[in-house]
Each structure stands twice: as C-alpha cells, then as structure tokens.
Amino acid sequence: MLINLSSRDSESSDDEMLNRLTKSCGAHLVGCITLCIALWAIGVSPATADWPTWRGTPNRGAETAEELPSELHLQWTMTLPKPQPAWPAEQGKIQFDASYEPVASQGRLFVPSMAHDHVTAYDLETGDRLWRFYTEGPVRFAPVVVDDRVLFGSDDGFLYCLAAADGSLRWKFRGGPDGRRILGNERLISMWPVRGAPVVVDGTHYFAAGVWPFMGIFVHALDAETGQVQWTNSGTGSNYLVQQHGSPAFAGVAPQGYLTVSKDVLLISGGLTVPAALDRKTGEFLYFRPGERSLGKDAGGYRVVTGDDVVSDRG
C-alpha cells in the first residue's frame, strides 16, 4: 500500500499527512501512486502516467500501456486518517470506501475523503498540498479527471465539477429532486446520496443518486464541461421484478458502486445484486434481473468490470 492509514481521525493529522510516501501501501491504491511516483524517479513525463478515473478506464479494466521500470524509488509518503466506510466490514461486497481511492492526472494526485468530506489535490512530484474543497457530506468514491476539470459525487446529494488547477467550483448538480435529508452514518446526509459513482465517456458524465428504490433512483447523463442535462432516468426504482428471494415486487437497482460503460451500455452496480443496464445514449432502461440465480444469491458487487461482450461483477 502506498498510503499508510492512520488510526488518528483529527483534521490536524489530515493536514500534515503529505510529506512522505510509504512502502506499506493499500491494495486499493498501489496502481495509481506506485506508477506515478516510479515514473518520476526515472525522469519520465508525468503526463504519460495519468490514471484519471477509478481503475484507469471507463470499463474499469485496470490496465495501461505504461510499463513499470525495473527499479522503483520511494519519493515521499503520506498518512491519511482512518477511513469511515458507509457499511460495516462484514458487508464485503459494498466496501467501496474501505480505503482511499485516489486518481492522478497532469502532475496532480486527487484524493477523496469519506472521513472529512473533501477532495484534496497534491503535487505528485513533491507531495505538497495544492488545494482542498469541502462538501456537506462524505466523498466516498474516486473523482474523475477530464481535461482541466475534476468531477465527483458526495453523500450531500450533489455532483461537483471543480477546476483541476485551483479547486474552484465550476458547477454543481443536485442528483435527487430536492434537499431533504436523513440520518446516515451518525450524521445528516441527502435522502439521495450519490452512491452510483461517476464515469465519463465521450464528454458525457454519468452518475446515480439514491440508495432506496422505493424513494426514487435518479440516473443522470450530463455534459461534463457545462453540467447541462442530456437525459435523466428516474424510473429504475419502480419496475415490477422478480427479486432475489424469488417473489415479484415493485423495486429496482440500488446504486452501490462504480458505474461502468461497455460500448453503448451503461451498467449500474447494485452492491449485492447484479448490475442494471441502461442505454447510455438515451437513458432507456434495458434490463435488471436480481432474481437471476445462475451465479448464486448475492452475486453482485461494487466493482463492475466490462469487456467487449462480458461483464464481471463478483464483489
């Protein structure tokens, strides 16, 4: 693990965490940080090592054309506060925020915080803090970097777009219908937190808000530059479906994980259930089959990875 997780949870420790990068790094973080730091150590341009979204690409394949050098050299270390995940550890298939999930682009490292409700940008070469932006709820998923913008969702119910250079707010978009709040994780959060983590393809930003289908699930496609709505699907929470226990009911996918794209299909991770699928160009509902038992019960997970014609969703 390249980020050492500390049991300290004070904001002061959060502020002092970025002067060194440790050898004991977390499995969730090794791909992004090891790659970037090692390339600098041998003098390669940091732009060639960008990792701008969770697992590198919109299909979440965790692959890159870059090759690691034969020797890696430690550049700096950081210590982050103990994570505060949304779900208990025994809920293994929805541990999407059990650790920090940074992304890297254009010489900057962007780190979300589920513990202190912010996204922070650091200089990849020195580890110095460049800026920090606070929201009104935990930021549980990795941001997405597109050109000069950083986009991410929060449990406060908003999708945010910031300037990558200085963290200034470009725009924000409410995922749910209004600002109602409920108690979640010992604090007030939106009734429709952004738990369908964002993915960007061809200049369009896709994300989902809401956790409880009976209260409404809202899947949005926005222009990644302007925030203009391209389509919204607000009907996926009220389809008549066969459930995992074999009985039909009005229900739908409960977004719990990273959205993924395969060709023209948008896949929405459902946590314990198999993912739902929408047409990514129109938002039209395609399928959601939680009663499918060929892979067993609770066959889903928050990590949906796609190939040309294959979907893997084993949490």
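Guide: Two strands pair if DSSP finds at least two bridges between them, and strands (E, at least two residues) and helices (H or I, at least four) are DSSP runs numbered from the N terminus. This is a predicted model, where local features need pLDDT of at least 70, side-chain atom pairs count only at pLDDT 80 or more, and totals for chains, interfaces and linings use all residues. Residues are numbered from 1 along each chain as its sequence is written, and side-chain values use heavy atoms, leaving out hydrogens and water.

Visitor: What makes strands β15 and β16 a pair?

Guide: Four bridges join β15 (residues 218-223) to β16 (residues 229-233) in the antiparallel sense, and at least two are required. A221 stands opposite W231 in β16.

Visitor: Why is the pair of F133 and Y160 called edge-to-face?

Guide: Rings of Phe, Tyr and Trp (its six-membered ring) pair if their centres lie within 6.5 Å; planes under 30 degrees apart are stacked, over 60 edge-to-face, the rest tilted. Here the centres are 5.5 Å apart and the planes at 65°, so F133 and Y160 are edge-to-face. F133 lies in strand β6 and Y160 in strand β9, 27 residues apart.

Visitor: How do you know whether Y160 is buried or exposed?

Guide: Buried means under 20% relative accessible area, exposed over 50%, partly exposed in between (1.4 Å probe, protein chains only). Y160 has 4%, so Y160 is buried; F133, with 15%, is buried too.
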